[in-house]
Amino acid sequence: MRSKNFNQLKHLIYFSKPTVFDTKNIESILTTSRKNNNETDVTGALICRSDLYFQFLEGPKDSVEATFQKIKLDTRHSEIYKIKDDLTNRRLFASWAMRDDPVHTWMWTREEVKNGILTRIAPNEAFATFERLSREVDQFTP
Ligand SMILES: Cc1cc2nc3c(=O)[nH]c(=O)nc-3n(C[C@H](O)[C@H](O)[C@H](O)COP(=O)(O)O)c2cc1C
C-alpha cells in the first residue's frame with residue numbers, strides 16, 4: 001500500500017520568451033537540464049524557436065516544483081507564463097530527461113505567437129500539443 005507521503009506525479013506547462021537564442025545557449029540549457037532531470041526523476045520536452053520556449057515538465061511533485069523555481073530565475077528567458085500545473089497519473093515522455101524539438105508546422109506561426117496566442121490557449125489544448133508530440137515521438141522511435 002502506498003504511504004500517505006507518496007510523492008505524487010505532477011506535470012507543468014509554461015511558455016516564455018528567449019532573451020538570447022543561439023546553439024551554444026540551447027546546448028547549455030539542455031546539458032544542465034538532462035543532468036539535473038536524471039537526478040530528480042523529471043522528464044519532459046522543450047519546444048524551442050527564437051521567439052519561443054514551450055516546455056512540458058513531469059515527475060514527482062516536489063521535483064517539478066523545485067525545477068520550475070530554478071527555471072523562473074533564469075535570465076536566458078523572460079515573460080514566463082504558466083499555463084498548466086496539475087497532478088497526473090502518467091508520463092508522456094518517460095524516456096526523455098528533456099526532449100528538444102523545434103516548433104512543428106502544426107503548432108503556431110511567429111505571427112500568432114507575437115499576437116499572444118499562447119496567453120489565450122486553454123490548459124487542455126496546451127496538454128494536447130504535448131500529447132500529440134509524444135505520440136509522434138513514439139511512432140518514430142525504433
Ligand atoms: C527554457 C529553459 C528550460 C530549462 N529547463 C530546465 C530543466 O528541465 N531542468 C533543469 O534542471 N534546468 C532547466 N533549465 C535551467 C535552469 O534554469 C537552471 O539554470 C538550472 O536548473 C541550474 O542548475 P544547477 O542548479 O545545477 O546549477 C532551463 C532553463 C531554460 C532557460
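View 1. Let's start with a pairing: Tyr-14 stands opposite Lys-82 in β4. Tyr-14 also stands opposite Gln-55 in β3. Strand names follow DSSP runs numbered from the N terminus, with helices being H or I over at least four residues and strands being E over at least two. This is a predicted model, in which local features need pLDDT of at least 70 and side-chain atom pairs count only at pLDDT 80 or more, while totals for chains, interfaces and linings use all residues. Residues are numbered from 1 along each chain as its sequence is written.

View 2. β1 covers residues 9-18 and pairs with β4 in the antiparallel sense over eight bridges; two strands count as paired if DSSP finds at least two bridges between them.

**View 3. Strand β3 and its hairpin with β2.** Here is a mostly covered strand: eight of the nine residues of β3 are buried. β2 and β3 pair in the antiparallel sense over seven bridges, and a hairpin joins them through two residues. In this pairing, Thr-43 stands opposite Glu-58 in β3.

View 4. Five strands form an open sheet of mixed pairing, in the order β4-β1-β3-β2-β5. β4 (77-87) and β5 (99-102) stand at the edges with a single partner strand each, so one side of each is left without a neighbour in the sheet. On average, neighbouring strands of this sheet are turned by 15 degrees against each other, direction ignored. α2 packs on the sheet, where it touches β1, β3 and β4, and its direction makes about 150 degrees with that of β3. For these angles, axes are lines fitted to C-alpha atoms, for helices over the stretch in contact, and values run from 0 to 180 degrees between N-to-C directions. Residues are in contact if their C-beta atoms, placed from the backbone, lie within 7 Å.

**View 5. The shell around the ligand.** Now have a look at the ligand, which 16 residues surround; the closest are Ser-33, Asn-36, Tyr-53, Lys-70 and Asp-74. Helix α1 provides the largest share, five residues. By class, the shell has six nonpolar, seven polar and three charged residues. Nonpolar covers Ala, Val, Leu, Ile, Met, Phe, Trp, Tyr, Cys and Pro; charged covers Asp, Glu, Lys and Arg; the others, Gly among them, are polar.

View 6. Asp-41 sits in the loop between α1 and β2 (43-49). Phi of Asp-41 is near 65 degrees, a positive value in a residue other than glycine. Asp-41 is partly exposed, with 16 other C-beta atoms within 10 Å. Glu-79 has its place in strand β4, and its phi, near 55 degrees, is likewise positive in a residue other than glycine. With 11 other C-beta atoms within 10 Å, Glu-79 is exposed.

**View 7. Asp-85 in strand β4, and Thr-109.** Asp-85 belongs to strand β4 and is partly exposed, with 15 other C-beta atoms within 10 Å. From C-alpha to C-alpha, Asp-85 and Thr-109 are 25 Å apart in space, and 24 residues apart in sequence.

**View 8. Stepping back to the chain.** Four helices and five strands make up its secondary structure, and from the N terminus on the elements run β-α-β-β-α-β-β-α-α. The C-alpha trace spans about 50 × 35 × 30 Å along its principal axes. Of the 142 residues of the chain, 27% count as buried. Among contacts between residues at least 6 apart in sequence, 81% join residues at least 24 apart.

Definitions and conventions: Near = placed C-beta within 6 Å. Contact = placed C-beta atoms within 7 Å. Buried ≥ 20, exposed ≤ 12 C-beta atoms within 10 Å, placed from the backbone.
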